[in-house]
Amino acid sequence: MIILHVTYTTKPGEAQNFIAAIEAAGIDKATRAEHGCLQYDYFYAAQTDDQILLVEHWTDADALKAHTCAPHFQQLGGMKGQYVLETTMKKFVGETI
């Protein structure tokens, strides 16, 4: 299993607007429907108003690679310029126990 922790630092006051735009575009639902997607969930940070954590779980590297070629993945990348200052990602390989 491939696990991604993607942290978005948004422009001040834009975290909720970013999530609303993702939901309005159906990016979250389209990603969850992809083959190999086990989890795709956004979380607000408790300590700051301008950070969002995206947790993704994929069955394997092939599923994750296919995701990065999906139109809605490209759409998300285009939206980030309006809302996001910085994106960091941590990748883990794990298994369900």
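Guide: Buried means under 20% relative accessible area, exposed means over 50%, and partly exposed is in between (1.4 Å probe, protein chains only). You're looking at a predicted model, in which local features need pLDDT of at least 70, side-chain atom pairs count only at pLDDT 80 or more, and totals for chains, interfaces and linings use all residues. Residues are numbered from 1 along each chain as its sequence is written, and side-chain values use heavy atoms, with hydrogens and water left out.

Visitor: Okay, what pattern does the protein follow along the sequence?

Guide: Helices are DSSP runs of H or I with at least four residues, strands are runs of E with at least two, and both are numbered from the N terminus. Reading along the sequence, you get β-α-α-β-β-α-α-β.

Visitor: What radius of gyration does the protein have?

Guide: Its C-alpha atoms fill a box of roughly 35 × 30 × 15 Å along the principal axes. The radius is taken over C-alpha atoms, and the globule rule is 2.2 Å times the number of residues to the power 0.38. A compact globule of 97 residues would come out near 13 Å, and the protein agrees, with 13 Å.

Visitor: Of the contacts with a separation of 6 or more, what percentage comes from residues 24 or more positions apart?

Guide: A contact here is heavy atoms within 4.5 Å. Residues 24 or more positions apart make up a share of 72%.

Visitor: How wide an arc do the buried residues of α1 cover?

Guide: In α1, residues 15-25, the buried ones are Ala15, Phe18, Ile19, Ala21 and Ile22. They sit on the same side of the helix because the arc they cover around the axis is only 160°. That arc comes from the directions from the helix axis to the C-beta atoms. In short, the arc is 160°.

Visitor: Which exposed residues does the opposite face of α1 carry?

Guide: The buried side packs against β1, α2, β2 (37-44), β3, α4 and β4 (84-93). Turned away from that buried side are two exposed residues, Gln16 and Ala24.

Visitor: And α3: which elements do its buried residues pack against?

Guide: In α3 (residues 61-68), Ala63, Leu64 and His67 are buried. They share one side, because their arc around the axis is only 100°. Asp62 and Lys65 are exposed on the other side. The buried set packs against β1 (2-10), α2 (27-32), β3 (51-58) and α4 (71-83).

Visitor: Which residue caps the N-terminal end of α3?

Guide: Look in the loop between β3 and α3, where Asp60 lies, partly exposed at 36% relative accessible area. A polar contact is a pair of N or O atoms within 3.5 Å; within protein, one must be able to donate a hydrogen and the other to accept it, and residues adjacent in sequence count only if both atoms are side-chain atoms. The Asp60 side chain reaches the backbone nitrogen of Ala63 at 2.8 Å. With a side-chain oxygen 3.2 Å from the backbone nitrogen of Asp62, the cap is Asp60.

Visitor: How far apart are the C-alpha atoms of Ile2 and Trp58?

Guide: Ile2 is in strand β1 and counts as buried at 8% relative accessibility. Leaving out residues up to four places away in sequence, Ile2 touches Trp58, Asp60, Leu64 and Phe92, among others. Ile2 and Trp58 are 56 residues apart along the chain, yet their C-alpha atoms are separated by 5.0 Å.

Visitor: How far apart are the closest N and O atoms of Arg32 and Asp28?

Guide: Side chains of opposite charge can pair when their charged atoms come close. These two are four residues apart in α2, so about one helical turn separates Arg32 and Asp28. Asp28 is buried at 7%, while Arg32 is partly exposed at 38%. Their salt bridge (a side-chain nitrogen of Lys or Arg within 4 Å of a carboxyl oxygen of Asp or Glu) has its closest N and O atoms at 3.5 Å.

Visitor: Which residues are linked in a network of salt bridges?

Guide: The structure holds two salt bridges. Besides the bridge to Asp28, Arg32 forms one with Asp41, whose closest N and O atoms are 3.6 Å apart. Asp41 is partly exposed at 26%. The network therefore links Asp28, Arg32 and Asp41.
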